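Please look through the sequence and the model shown here before reading on. The briefing that follows is arranged by topic for someone new to the structure.

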Amino acid sequence: MSLQQPAVFCNMVDDWPALQWNTKYLSALLDGKTIQFRIGLKTMDLVPQFETRCSYVEATLQEFLAWSCGEPSCLSGPFSCYEYSKYWAYADYKYIARLFEDKAEVFQDIKWSDFGFPGRNGKESTLWIGSEGANTPCHLDSYGCNLVLQVQGRKRWHLFPPGDTSFLYPTRIPYEESSIFSKVNVANPDPKCFPEFRNATAHVVTLGPGQVLLVPRHWWHYVESIDPVTVSINSWIELDADHEARVEEAITRTLVCAIKSAENPSSADLWLNPTEVEATSHDINLQYLNSAVSAYFKSRKASVSEEAHPSSISAEKMTSASHKRRKRQVGTEPEGCKLLTHEADFSTVKAEKLQKIPFGPHLIQVLPQSQETSSKGARAVESDYRDLIHGNEGGHFGKLHCARKQLVMSNDCETPANQMDSDGSPNASQTTLSTNDLLDCLVNPRVISLVAQLLLERTRI
C-alpha cells in the first residue's frame, strides 16, 4: 500500500485457479448466458470514444468467440451486424458476484488474500472480456486503488500521475459517479485542442497473462486490448480517503444534474453515461450529500477510536468491498465506508521507505516513458510474458442495458471558421461558451476538492 507509482507483480498468482479463466472456459461456465457487450469503431479519432458514442448488444460468449474467430455470421448472432475488421467488442465492468450468482464456488478461484487482503476473492472482483482494439477512455477512479490480473491476451496501459490532471483536461461530461474522464484521446492526441497534454508524463506498460498491475489512487489510465481476445479480472481496494471522495462526488452530482437538467432537452446532448439510469432529482442528490458528509464524520470518529484501541479492527472491516459503479441507496451510509488503511499510511510515504520496496524480477516498477529505464522495465514485463507463454503449455452494479446505437458526440473544442480572428485565435466577441464549458470549470477536481473542504468545515462548526 506504500507504492506511489504503478507496479507489476510477477509470479504471484501461479496457483490461482482463475488463470484458467480463458474465454472458452468462461463460455462453458456461463452455459449460454447472455451478457452485454459495448461495440466501438477501430478507427483512430481525435476525440475519445466515450461510452455514449458506442453501440450495445446482448450476446453469449460463444457468439463473441465465433465473431472474433471469423466463423460464419449465423454463429455470431448480434455481432453479425459488425465487421470484425472495423469494430471491437468489450464486455466490461462485469461484476463476478452477479455474473456467477448461481455458482458462488468460483469466487474462490481468485485469491486477493495473497496480496494481503484477507477474505477478498472473486465476490469483490470484476471481469473484462474484449477483442483487439477494445478500450476504456482515459479516466481516473474517484474511489480506491486498483489491482488488475491479466488472464488471457495482453493489454497496454497508459498511466498518468495525479499531478498531471490539469494536462489531461478533466471533464464530467459524460457524467458517471466515480469516473473523471479526460477530453484527450491519449492514443491519438490533438495538439491544437489540448496543447497542455504535451506536459503529461505517460507511464506505459504491456500487461501479459499471470501478471498483476497495481494502479495507485487517482492515477489516470487508458487501457487497450492488443490481442484478438483478452480477459482481465480486477478488484478496487477501498481506502480511508474514499470517505472524502464520496462527499466530492455528491457535490459533483448535485451540480451536474441541476445544471444539465435545466438545459433545453431538445439539445440532444448525451451527457449522462449509460451506467447512470437517469438524472437524479435535486432533493435526492442533497440527501446523498448529507449521507456522505455524515459517513465522513462517522469514519473520522471510528478512526480515532481505532487508533486508541487498534485491536478492535475486525476482519470484516478489512474485507469490505466497494464496487466502483454501484449506485448507493439514498438515506443510508454509502458503500465502501469500511476502513482498510489509514490515508496517512498510503499518501505520506517517506523517500527512505520507497527505497526499501523490493523492485526486481518479481516486482517491476512502471517508470515514466521518457526515462530510459522505463523501456527496460516494459521489456522485462513483456519478456516475462513470453516466458509464461512458452513455459505454461499444460453508483450502478455493472453496466446497464442500453439500446442506443452508434451515437456521435460533437467535438466541442472545434471553433467555426467565422468565429476566428485573422491570427487563428477565437474571436472573443463571437465565441459562445456552452453549459459544458461552464461545468468543466465548476466541477474541476481542484474546485470540487476546495468546496468539499469548505462544506466539511461548515458542517463541523
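The model is a predicted one, in which local features need pLDDT of at least 70 and side-chain atom pairs count only at pLDDT 80 or more, while totals for chains, interfaces and linings use all residues. Residues are numbered from 1 along each chain as its sequence is written, and side-chain values use heavy atoms, with hydrogens and water left out.

- Tyrosine 93 belongs to strand β4, where strands (E, at least two residues) and helices (H or I, at least four residues) are DSSP runs numbered from the N terminus.
- Nine of the nine residues of β4 are buried, so this strand is largely enclosed by the rest of the structure.
- The pairing of β2 with β4 is antiparallel and runs over four bridges, where two strands count as paired if DSSP finds at least two bridges between them.
- One of the bridges joins leucine 41 to its partner in β4, tyrosine 87.
- β4 also pairs with strand β5 (residues 126–131), in the antiparallel sense and over four bridges, and tyrosine 90 stands opposite glycine 130 in β5.

**The six-stranded sheet**

- An open sheet is formed by six strands in the order β9-β10-β6-β13-β8-β11, and the pairing is antiparallel.
- β9 (170–171) and β11 (203–207) stand at the edges with a single partner strand each, so one side of each is left without a neighbour in the sheet.
- Inside this order, strand β6 (residues 135–141) pairs with β10 in the antiparallel sense over three bridges, and leucine 140 has isoleucine 180 in β10 as its bridge partner.

**Aromatic rings**

- The structure holds 19 aromatic pairs, counted where the ring centres of Phe, Tyr and Trp (its six-membered ring) lie within 6.5 Å, with planes under 30 degrees apart taken as stacked, over 60 as edge-to-face and the rest as tilted.
- Among them, phenylalanine 50 and phenylalanine 181 form an edge-to-face pair, 5.4 Å centre to centre with 70° between the planes.
- Phenylalanine 50 lies in the loop between β2 (34–41) and β3 (55–60) and phenylalanine 181 in strand β10 (residues 179–182), so the pair ties together parts that are 131 residues apart in sequence.
- Phenylalanine 50 counts as buried at 7% relative accessibility, and phenylalanine 181 is buried too, with a relative accessible area of 1%.
- The rings of tryptophan 67 and tyrosine 84 have centres 5.0 Å apart and planes at 75°, so this pair is edge-to-face.
- This second pair links distant parts of the chain, with tryptophan 67 in helix α2 (residues 61–68) and tyrosine 84 in the loop between α2 and β4 (87–95), 17 residues apart.
- Tryptophan 67 is buried, with a relative accessible area of 6%, whereas tyrosine 84 is partly exposed, with a relative accessible area of 21%.
- Tryptophan 67 and tyrosine 84 are also members of a cluster in which ring pairs link Phe37, Phe64, Trp67, Phe79 and Tyr84.

**Charges over rings**

- The charged end of lysine 42 sits over the ring of tyrosine 84, 4.3 Å from its centre, a description used when NZ of Lys or CZ of Arg is within 6 Å of the ring centre and within 35 degrees of the ring normal.
- Arginine 246 likewise has its charged end over a ring, that of tyrosine 143, 3.9 Å from the centre.

**Backbone details**

- Most residues other than glycine have a negative phi, and most peptide bonds are trans.
- Phi of tyrosine 93 is near 55°, a positive value in a residue other than glycine.
- Asparagine 11 is a residue other than glycine with a positive phi, near 60°, and its place is the loop between β1 (7–9) and α1 (23–30).
- Asparagine 11 is partly exposed, with a relative accessible area of 36%.
- Isoleucine 173 and proline 174 are joined by a cis peptide bond with omega of about 5°, and proline 174 lies in the loop between β9 and β10.

Definitions and conventions:
Buried < 20%, exposed > 50% of the residue type's maximum accessible area, 1.4 Å probe, protein only.
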